[in-house]
Amino acid sequence: MTAISAAMDLATHILIVDDDAGIRTLISSFLEKHGYRTDTAADPIEMRDRLAAGRYDLIVLDVMMPREDGLSALRGLQREADAPPVIILSAVGTDIDRIVGLEMGAEDYLAKPCNPRELLARIRTVLRRRETRAEPAEPQAPREGVARFAGWAIDLIGRTLTNRAGAIVQLSDAEFRLMKAFVEHPRRVLSRDQLLDYSAGQETEIYDRAIDVQVSRLRRRLAGHDGGGALIRTVRNEGYMFVPTVLRG
């Protein structure tokens, strides 16, 4: 773990909400060993008391609790403008339950029993994503009109991509959003989390590794055109870079 990651962990306060005292202790102890500050609550009522008394950066929330279920608690949290992100834990791990939880505003969903290391990885992903969204905007390539790069052109309003020969390259909505994200952030390494944020659509998958699949599809689409295969570079252990310089007009 880098010094920056360690500092972020030490400054992060997590609330664990579960009616099972053993699970609360297990998760709390594991996260504290990795540098996080933690508090616990046995149910949503105690959770709200904790939230009223202090600030938390993330909540790990069980679904099945006796006095009030976690989805009801999540619904209440979404009415708060400054509510922390939520990762749901549930003994019911069906696709329908996962989708319902995500649609209600959870950042991620993990089925019980889960490996604490996987929960730690999910927590770090959610926190990185939130941190990226909170970063001040940097000057970027044009966000509207036509942008040109390496003989190619992309119309960000008309949603068309034209290759060096002047032919339109057909892209799906997801592929166009990803291409637009690269064009708007050229010549810099973009992590998977950043690419998910920049190219997010309603069908975007929640896991950061899904971006590898999307980049692979976009590369295959571009590879059939002159120079298209070299536009996107993989930066090992970091993410991807859109190589060419991007110009307006």
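Entry 1: I began with the second largest pocket and asked which classes of residue line it. The lining has 12 nonpolar, 3 polar and 7 charged residues. This is a predicted model, so I note these as computed values. I put the volume of the pocket at about 610 Å³. In total 22 residues line the second largest pocket, and Tyr56, Asp57, Asp82, Ala83 and Pro84 lie nearest its centre. I then looked up which elements give two or more residues to this lining, and found α3 (44-53), α4 (70-77) and α6 (116-134). The most comes from α6, with 4 residues.

**Entry 2: the chain as a whole.** I counted 9 helices and 13 strands. Of the 249 residues in the chain, 43% are buried. I also checked the contacts with a separation of 6 or more: 59% of them are between residues 24 or more positions apart.

**Entry 3: helix α9.** I checked the length of α9 (residues 210-223) against expectation. At 1.5 Å a residue, its 14 residues should span 20 Å, and the end C-alpha atoms are 20 Å apart, so the two agree. Next I asked which residues of α9 are buried. They are Ala210, Ile211, Gln214, Val215, Leu218 and Leu222. These residues cover an arc of only 135 degrees around the axis, which means that they sit on the same side of α9. I looked up what they pack against and found strands β7 (152-155), β8 (160-162), β11 (232-235) and β12 (239-242), together with helices α7 (173-184) and α8 (192-198).

Entry 4: Most residues other than glycine have a negative phi, and most peptide bonds are trans.

- The peptide bond from lysine 112 to proline 113 is cis, with omega near -10 degrees. Proline 113 is in the loop between β5 (108-111) and α6.
- Arginine 159 is not a glycine, yet has a positive phi of about 60 degrees. I place arginine 159 in the loop between β7 and β8. Its relative accessible area is 40%, so I count arginine 159 as partly exposed.
- Arginine 187 also has a positive phi, near 55 degrees. Arginine 187 lies in the loop between α7 and β10 (189-190). Is arginine 187 buried or exposed? Its relative accessibility is 52%, and the cut-off for exposed is over 50%, so arginine 187 counts as exposed.

Terms used
Residues numbered from 1 in each chain as written. Predicted model: local features only at pLDDT ≥ 70, side-chain atom pairs only at ≥ 80, totals over all residues. Heavy atoms only, no water. 1 Å grid on protein atoms, 1.4 Å probe; cavity = no way out; pocket = protein on both sides within 12 Å on 5 of 7 lines; lining within 4 Å. Points joined across faces, edges and corners; volume = space filled by probe spheres on them. Nonpolar A, V, L, I, M, F, W, Y, C, P; charged D, E, K, R; others polar. Expected span 1.5 Å × (residues − 1). Buried < 20%, exposed > 50% of the residue type's maximum accessible area, 1.4 Å probe, protein only. Arc of directions from axis to C-beta. Contact = heavy atoms within 4.5 Å.
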